[in-house]
Amino acid sequence: MTCSPTRNPFTHTETAAVGVAIEGLSKNFGCFEVLKNVTFSVEPGEIFVLMGPSGSGKSVLLKHIVGLEKPTAGRVTVDGRDASSETTREQVRLALVFQSGALFNSLSVYDNLALYPREHQVADEAAIREKVMRALQILSLEGTAHKSPSELSGGMKKRVAIARGLVMEPQLMLYDEPTSELDPVMSATITEIIATLKDEYHVTSIVVSHDRELALGIADRVGILMGGELVSLGTPAELRAPKDPRVAEFLYPKIDLKNPRFKKLET
Amino acid sequence: MNQLTAILEGIGSTLQLLFRAVSYTPSLWRQRARFIEQCYLIGYTTLPIVAILSFFIGSVLALQAGYSMSNFGAKQFIGSLVGLSMARELGPVMAAILLAGRVGSAIAAELASMKVYQEIDALETMNIPPAKILVLPRLAAVLVMMPVLAIIADLVGWFGGAIISKYTQSIAIEPEAYFSVLRRFMVFKDVLNGLIKAEVFGFAIVLVCCNIGLNTRGGPREIGAAVTRAVVVSLILILVLDYFVTKALM
């Protein structure tokens, strides 16, 4: 795969896009094994979508990549550096868009976006203002700058969370369920935003999602996690006709009113 | 055994948080806006309730002392009893108890909800340490505001005692006589010891409440549990520290 460098959305300077490698990753919470020997890699500049049923360990895996969780066994590296090391977050700019948005409710939208550059003193206040307004403009959120996160709709919160990530000028962008709880049009909008950020700025993107349209529409590759194991890894084209019956059932479930699934679960 | 482990873990994580927060002290000037905001929340918003409570504590102290001291003709010493009790013990302890209920609970609730709603995780992914922007300004603010609250508690308590001593028929001591005895039997060290106590209590309350908030796990229900735990631990801590600080300052 050809790899383009990450282009800064504000200064248009270019830095190397980063890749992620996950080798034999296992994670236990007490006796419960959430991830079982998961191995795959994400190439620099690609959109990698991780799918799987609820509780299959997708979000936990994402937390390992940003260093919020430490592996029980195995290794996660970002650009060749140990993801669980605090210095990695200083050397590699990575942004995580949380499922809930995780916007700071005590701050306005503007201050949410300005927090990272202010704390890291990456620019003076005028330059930060320009950067924040540009990020809001990219995501069509200019009118929300002085609103509180509690005044925003679900779709707007997700876009503000993406804008906050964008202000960090990330080399790696991670999205946790970016289209959950959104209407179909807003889901499509968020999907388009993720694809546009990748096309225009060549940011490596890892998306955890249940959204089949998103995965098949914009992913370079899709991994499917079930019960903590990676059961499928391939291109969207390969997933349109999956060979594994578990993957087929997950991606294309048929509604069977004569023999409903919940009754099978009871027995 | 599990309880003991939990207590030791709590002490360990609180000390770790303290060291982390202190290590960011050079960044305090850049965080002056947060520091001033916390001074306002800790000092200004707690002030009215501290004043009201201290007034009545001073009053009740004068009333009770007047009742018993009159029996053996020592009611003229009420001023010194109220003065010393407020300065050395009741002023700092009551200010600390109110701080735990008013500010400690709010800190625990705010940080616990930030943890539950992943705002703390968001800070960490942005490489912004919560100890730096959430804990340090609060610790600095309580160090500045707690002596102010304790002094106001002392003054209002003394004033409350003076009013009751004048207008209660069985006591009937003029304010001049009340404050004259208060001044005669009190030295600066009495007030200073009270301020040191207040400082220790306030610092411990804010640190413990921050730690409990930041270590909250689970859903919204845990926020309420964290607030309860923060207030209970703070109250116990005030009384335990009170004994040891009093002993150390004697």
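Residues are numbered from 1 along each chain as its sequence is written, chains are lettered from A in the order in which they are written, and side-chain values use heavy atoms, with hydrogens and water left out. Because the model is predicted, local features need pLDDT of at least 70 and side-chain atom pairs count only at pLDDT 80 or more, while totals for chains, interfaces and linings use all residues.

Chain B has nine helices and zero strands. Helices (H or I, at least four residues) and strands (E, at least two) are DSSP runs, numbered from the N terminus. The order of elements is therefore α-α-α-α-α-α-α-α-α. The C-alpha trace of chain B spans about 70 × 45 × 30 Å along its principal axes. Of its 250 residues, 48% are buried. Buried means under 20% relative accessible area, exposed over 50%, and partly exposed in between, with a 1.4 Å probe and protein chains only.

The surface of chain B comes next. Its accessible area is about 12,100 Å², and carbon and sulfur atoms supply 70% of that. Accessible areas come from the Shrake-Rupley method with a 1.4 Å probe; for residues, only the protein chains shown count as cover. Chain B carries 19 positive and 14 negative charges, and their mean positions are 3 Å apart. Lys and Arg count as positive, Asp and Glu as negative; His and the chain ends are not counted. Each charge is placed at NZ of Lys, CZ of Arg, CG of Asp or CD of Glu.

Contacts in chain B reach across the sequence. Among those between residues at least 6 apart, 84% join residues at least 24 apart. Contact here means heavy atoms within 4.5 Å.

Take B:Cys210 as an example. B:Cys210 sits in helix α8 (residues 188-214) of chain B. Its relative accessibility is 0%, so B:Cys210 counts as buried. Leaving aside residues up to four places away in sequence, B:Cys210 touches B:Leu17, B:Ile107, B:Leu111, B:Val135 and B:Arg138. B:Gly161 is 49 residues away along the chain, and its C-alpha atom is 36 Å from that of B:Cys210.

B:Asp190 and B:Arg88 meet through their side chains, at 2.7 Å from N to O. A salt bridge is a side-chain nitrogen of Lys or Arg within 4 Å of a carboxyl oxygen of Asp or Glu. B:Asp190 lies in α8 and B:Arg88 in helix α4 (residues 78-116) of chain B, so the pair ties together parts 102 residues apart in sequence.

Over all chains, the structure holds 16 salt bridges. In chain A, A:Glu169 pairs with A:Lys131, the closest N and O atoms being 2.4 Å apart. This pair links distant parts of the chain, 38 residues apart: A:Glu169 is in the loop between α5 (154-167) and β9 (172-176), A:Lys131 in helix α4 (residues 125-138). Both A:Glu169 and A:Lys131 are buried. A:Asp79 forms a salt bridge with A:Arg81, with 2.9 Å between the closest N and O atoms. Here A:Asp79 is partly exposed at 37%, and A:Arg81 is partly exposed at 30%. A:Asp111, A:Arg118 and A:Glu125 are linked in a network of salt bridges.

Why is helix α3 (residues 109-119) of chain A largely enclosed by the rest of the structure? Nine of its eleven residues are buried. Among them are A:Val109, A:Tyr110, A:Leu113 and A:Tyr116. The buried residues of α3(A) pack against α4 and α5 of chain A, and against α2 (32-44), α5 (119-125) and α6 (130-167) of chain B. Just after α3(A), A:Gln121 takes a positive phi of about 50°.

Chain A is divided into domain 1 (6-93 + 170-266) and domain 2 (101-168). These bounds come from an automatic or database domain assignment. The C-alpha centres of the two domains lie 24 Å apart. Domain 1 gives 15 residues to the contact, and domain 2 gives 15 residues.

A:Lys198 is found in helix α6 (residues 184-201) of chain A. A:Lys198 has a relative accessible area of 16%, so it counts as buried. Beyond residues up to four places away in sequence, A:Lys198 touches A:Gly45, A:Glu46, A:Ile47, A:Val203 and A:Asp220.
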